[in-house]
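Here is a short report on one protein chain. It takes selected helices, the nonpolar cores and a few loop residues in turn.

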Amino acid sequence: MPHPPPLTGVVVACNEADRIERCVASLRAICAEVLVVDSGSTDATRERAEALGARVIEQPWLGFARQKNLAISLATQPWVLLLDADEWLDEDALEAMRALFASGRLEAADVVTLRRRTRFLGSVMRYGSFAAEPVERLFRAHCRHEELAVHERLDTRGQRVITSSVRMEHDTARSEAEYWAKLQRYARLWAEERTARATAAEWRVRVPPGRASAAALAYLLKNLVLRLGVLDGPGGDA
């Protein structure tokens, strides 16, 4: 069996026992090591990840960006592939990743953009940003995320960024209720961060009641209407 690329697979997780195995197994197929940073799971997340050969570190939740930055700092390989527990690479993506490392393109890169395809309740999305969202998930281990409360992003300032054909899969929610709750949580965190930054700058900003729900709804409309996600209909097409 050929040596794996010099790559650490990183996952931050909490209570993901029902899907951590799919994520970790795909990382084990391509990475020299897999690291899972767990923030207090009460299910079998840790045991299932360890059974597949992942190194599991316990860390109370620090926030999205800080938790991921901590995980990245523990990587022993020069490159990091960061996945969420609800994401994975299929066989085509694994082959594309191997080809990318063998191509020599990474010698002139610090960050590589992958394409993320979302599945909603088992249905593949073919339109909108759900179908082929560019995400910066493969990067050199010196990179870090900007410390935002939500929708954290890799700080690519001064970094050499290239694109790739590697497509990752994303199973965004276990149920409609879970998805809606997640959108509202993200919107609430965004609003709280905006208010905190304004306060620190001595601005006076009022976040009106219902702002989180309105932001979540705006996100859905953007993807369903402006980016044609409505063409997927009530169920996507695999």
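Helix α1 buries Ile20, Cys23, Val24, Ser26 and Leu27. These residues span an arc of only 160 degrees around the axis, so they lie on the same side of α1. Their packing partners are β1, β2, α2 (45–51), β4, β5 (87–89) and α4. The model is predicted, and every value here is computed from it.

**Overall make-up**

The chain holds 6 helices and 9 strands. It has 238 residues, and 44% of them count as buried. Take the contacts with a separation of 6 or more: 74% of them come from residues 24 or more positions apart.

**Helix α4**

Helix α4 runs over residues 91–103 and has 13 residues. From first C-alpha to last it reaches 18 Å, close to the 18 Å expected at 1.5 Å a residue. Which residues of α4 are buried? They are Ala93, Leu94, Met97, Leu100 and Phe101. Their arc around the axis is only 120 degrees, which means they sit on the same side of α4. An α-helix has 3.6 residues a turn, so residues three or four places apart point the same way. On the other side of α4, Glu91, Asp92 and Ala102 are exposed.

Both ends of the helix have a local feature. At the start of α4, a side-chain oxygen of Asp90 comes to within 3.2 Å of the backbone nitrogen of Asp92. After α4 comes Gly104, with a positive phi near 90 degrees.

**Nonpolar cores**

In soluble globular proteins, nonpolar side chains tend to be buried together. The largest nonpolar core in this model has 33 residues. Within it, Leu81, Met97, Leu114 and Leu138 touch the most other members. At least two residues each come from β1, α1, β2 (33–38), β4 (79–84), α4, β6 (111–120), β8 (133–140) and β9 (161–171). Helix α4 gives the largest share, 5 residues.

What does Met97 touch, leaving aside neighbours within four places in sequence? Its contacts are Ile30, Leu81, Leu89, Leu114, Leu138 and Val166. A second, separate core has 14 residues, and Val10, Val37, Ile72 and Val80 are among them.

**Asn15 and the cysteines**

Most residues other than glycine have a negative phi. Asn15 is not a glycine, yet its phi is positive, about 55 degrees. Asn15 lies in the loop between β1 (7–13) and α1 (20–28). Its relative accessible area is 32%, so Asn15 counts as partly exposed.

Is Cys14 buried or partly exposed? Cys14 has 31% relative accessibility and therefore counts as partly exposed. Cys143 has 2% and therefore counts as buried. With a cut-off of 2.5 Å between cysteine sulfur atoms, the chain has 0 disulfides.

**The loop between β8 and β9**

Arg153 is in the loop between β8 and β9. Asp155 is also placed in the loop between β8 and β9.

Leaving out residues up to four places away in sequence, Arg153 touches His145, Glu146 and Leu148. With neighbours within four places left aside, Asp155 is in contact with Arg144, His145 and Glu146. The side chains of Asp155 and Arg157 are joined by a polar contact of 2.7 Å.

Arg153 and Arg137 are 16 residues apart along the chain, with C-alpha atoms separated by 9.7 Å. Asp155 and Cys143 are 12 residues apart in sequence and 7.0 Å apart, C-alpha to C-alpha.

The accessibility values of the residues discussed above are set out here.

| Residue | Relative accessible area | Class |
|---|---|---|
| Cys14 | 31% | partly exposed |
| Asn15 | 32% | partly exposed |
| Cys143 | 2% | buried |

Key
Residues numbered from 1 in each chain as written. Predicted model: local features only at pLDDT ≥ 70, side-chain atom pairs only at ≥ 80, totals over all residues. Heavy atoms only, no water. Helix = DSSP H or I, 4+ residues; strand = E, 2+ residues; numbered from the N terminus. Expected span 1.5 Å × (residues − 1). Buried < 20%, exposed > 50% of the residue type's maximum accessible area, 1.4 Å probe, protein only. Arc of directions from axis to C-beta. Polar contact = N/O pair within 3.5 Å; in protein donor to acceptor, adjacent residues only side chain to side chain. Core = buried A, V, L, I, M, F, W, Y, C linked by side-chain atoms within 4.5 Å. Contact = heavy atoms within 4.5 Å.
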